[in-house]
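Please look through the sequence and the structure before reading on.

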Amino acid sequence: MERMSGPHQIRGSVFLPEAELQWRFSRSSGPGGQHVNTSDSQVELRFDLANTEALPEVWKARALERLASRLVDGVVSVRSSEHRSQWRNRETAAVRLAALLAEATAPPPKPRRATKIPRGINERRLRNKKARSDTKRGRSGRGWD
């Protein structure tokens with residue numbers, strides 16, 4: 001059997017811990033054909049986010065907050081069934097989980113600092129607006145008697 005493509009990186013030096021991943025396999029839905037009723041190619045990957053030791057506490061708290069709607073008893077699950085081979089579905093599920101955790105543990109963006117619009121820019125905008133207005137007013141045909 002082929003080996004998985006190694007540990008999947010979340011961010012920095014933090015990787016998905018293989019020991020904490022729970023795999024479940026079932027038959028994929030969709031059209032049939034030969035081999036379809038015997039192969040469990042759909043993959044469900046579960047990761048206990050609430051009890052993991054692999055993530056720093058700050059990351060874990062951030063992920064628990066951001067993924068609250070996806071969690072069931074502190075466990076996040078990802079499903080993959082688009083490939084016909086179980087191995088490729090395992091790869092896809094692991095990559096998806098790593099990407100989900102990377103996004104959920106990312107630091108919040110820096111708050112935007114409001115800046116004042118320079119006076120020259122505002123004056124130019126108003127000048128252009130006035131010129132456009134004059135152009136359109138000139139098209140009305142008034143005063144052509």
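On the face of α1 that is turned away from its buried side sit the exposed residues Glu57, Val58 and Glu65. Here exposed means over 50% relative accessible area, buried means under 20%, and partly exposed lies in between (1.4 Å probe, protein chains only). The buried residues of α1 are Trp59, Lys60, Arg62 and Ala63. These four cover an arc of only 165° around the axis, so they lie on the same side of α1; the arc is that of the directions from the helix axis to the C-beta atoms. An α-helix has 3.6 residues a turn, so residues three or four places apart point the same way.

The cover over the buried residues of α1 includes β1 (9–11), β2 (14–15) and α2.

## Basis of the model

The model is predicted: local features need pLDDT of at least 70, side-chain atom pairs count only at pLDDT 80 or more, and totals for chains, interfaces and linings use all residues. Residues are numbered from 1 along each chain as its sequence is written, and side-chain values use heavy atoms, with hydrogens and water left out.

## How α1 meets α2

Helix α1 spans residues 57–66 and helix α2 residues 86–105; they pack at an angle of about 100°, with their axes 8 Å apart. That angle makes α1 roughly perpendicular to α2, a term for angles of 65 to 115 degrees (under 35 is roughly parallel, over 145 roughly antiparallel, the rest oblique). Axes are lines fitted to C-alpha atoms, for helices over the stretch in contact, and angles run from 0 to 180 degrees between N-to-C directions.

From α1, the contact (heavy atoms within 4.5 Å) uses Trp59, Arg62, Ala63 and Arg66, and from α2 it uses Glu103, Ala104 and Thr105.

## Thr105

Thr105 is part of helix α2. Its relative accessible area is 0%, so Thr105 is buried. Leaving out residues up to four places away in sequence, Thr105 touches Ile10, Arg11, Trp59, Arg62, Ala63 and Arg66.

## The whole chain

The protein chain has three helices and five strands, in the order β-β-β-β-α-β-α-α from the N terminus on. Helices (H or I, at least four residues) and strands (E, at least two) are DSSP runs, numbered from the N terminus.

Of the chain's 145 residues, 29% count as buried. Among contacts between residues at least 6 apart in sequence, 65% join residues at least 24 apart.
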